Amino acid sequence: MPSNPSITALPQSFISKKKKILEQLAVPSDEYGDLSPKGSIDEGIRDLIDEINRIDGCVTTSSCAGRVSVFLEGSRTVSNTEQDGLLDASRIEASSKSAGVGGKGGGGRWLFVSHDPVDIQSLTPQWSEMLGMHREQTGAVDSLLQGNSHDARFIHFKFEPMILHVLTASLEQAQHVLAAALQAGFRESGALNLTSSTESPTPMVGIRSMGLALESLIGFESGGQGICIVPEWQLKALLEISNDRFVENTKRTERFRSLLKETGSVKQETRRKGKDGDEWEDPQARRERKRAEGLKISEAAKQTGSLDTTSQTPKHVLNRNDRPQ
């Protein structure tokens, strides 16, 4: 497949990073691993990643096709007993590992993750059990939370649409990718690293859409167990809404994929066409071809003994003896 004609020399830093990433992606699926909950590339986005990585000036660095999950926050604080047994330096380190505002860090973990819609019709369990929680009596829940809500580790239900990070070799290539993402509906997309003091910039394009995201508080942790605090019908409703958003997420992802092809960023099976429908040629290549054709015509004329290359039979060249007296 031909490369994008607008891509010229690629920065060496980009070439090195892309080579390393592609080597990692080439590892067999059963040996590959990453830092995501699943530990591998989502099948629903694998073809898109392969297409992007075939672009000379692009390489994907992280991705998620979209997921529905139940997440238990990490610990917000270190207990007084633990603090008393730590030196000052250790206290600082322990504090830095505590969970932030979003609940990540500090030992937070996923109780349930799916990168595909949940088949609600064929499943008839307690939704709370399927999502990694159990139930307590209403009065027991109130007593467990009373006076302890600040330090409680809450459980969140989340739907997160596709997110993709693409390292690009130039500002022009970043613009192609970002324009396709915005037009496809990933309106919170953006680019970083637009300038560089050492060589040509290699922007990172983040493709995301917070408009499809969904989050709801559904429980908390007590005694090492997740306790659900919302009714079963509400959990089912959240799953149904998430399934609908999976459908829209897929549509936007396919639009993004199509727009990348239309802008010429993705390598195509067919070559670019000119105005007259003939195969497109780079101006320099066209000059070289015309020059070579001219040399062939001139050589052919010399061999036939005539400079007239338009006639099928060479004209008779008169010499002095042929001239009439």
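This is a short chat about the predicted model shown above.

Reader: What should I know before I start?
Author: This is a predicted model, in which local features need pLDDT of at least 70 and side-chain atom pairs count only at pLDDT 80 or more, while totals for chains, interfaces and linings use all residues. Residues are numbered from 1 along each chain as its sequence is written, and side-chain values use heavy atoms, with hydrogens and water left out.

Reader: How many helices and strands does the protein have?
Author: The protein has nine helices and nine strands, taken as DSSP runs (H or I, at least four residues, for helices; E, at least two, for strands) numbered from the N terminus.

Reader: At what angle do α7 and α8 pack?
Author: Helix α7 (residues 171-184) packs with helix α8 (residues 232-262) at an angle of about 145°, and their axes are 8 Å apart; the axes are lines fitted to C-alpha atoms over the stretch in contact, and angles run from 0 to 180 degrees between N-to-C directions.

Reader: And which residues meet there?
Author: From α7 there are Val177, Ala180, Ala181, Gln183 and Ala184, which meet Arg252, Arg255, Phe256, Leu259 and Leu260 of α8, where contact means heavy atoms within 4.5 Å.

Reader: New topic, where is Asn193?
Author: Asn193 is in the loop between β6 (190-192) and β7 (204-207), and its phi is near 60°, a positive value in a residue other than glycine. Most residues other than glycine have a negative phi.

Reader: What share of the protein is buried?
Author: Of the 325 residues in the protein, 32% are buried, meaning under 20% relative accessible area with a 1.4 Å probe, protein chains only.

Note on methods:
Buried < 20%, exposed > 50% of the residue type's maximum accessible area, 1.4 Å probe, protein only.
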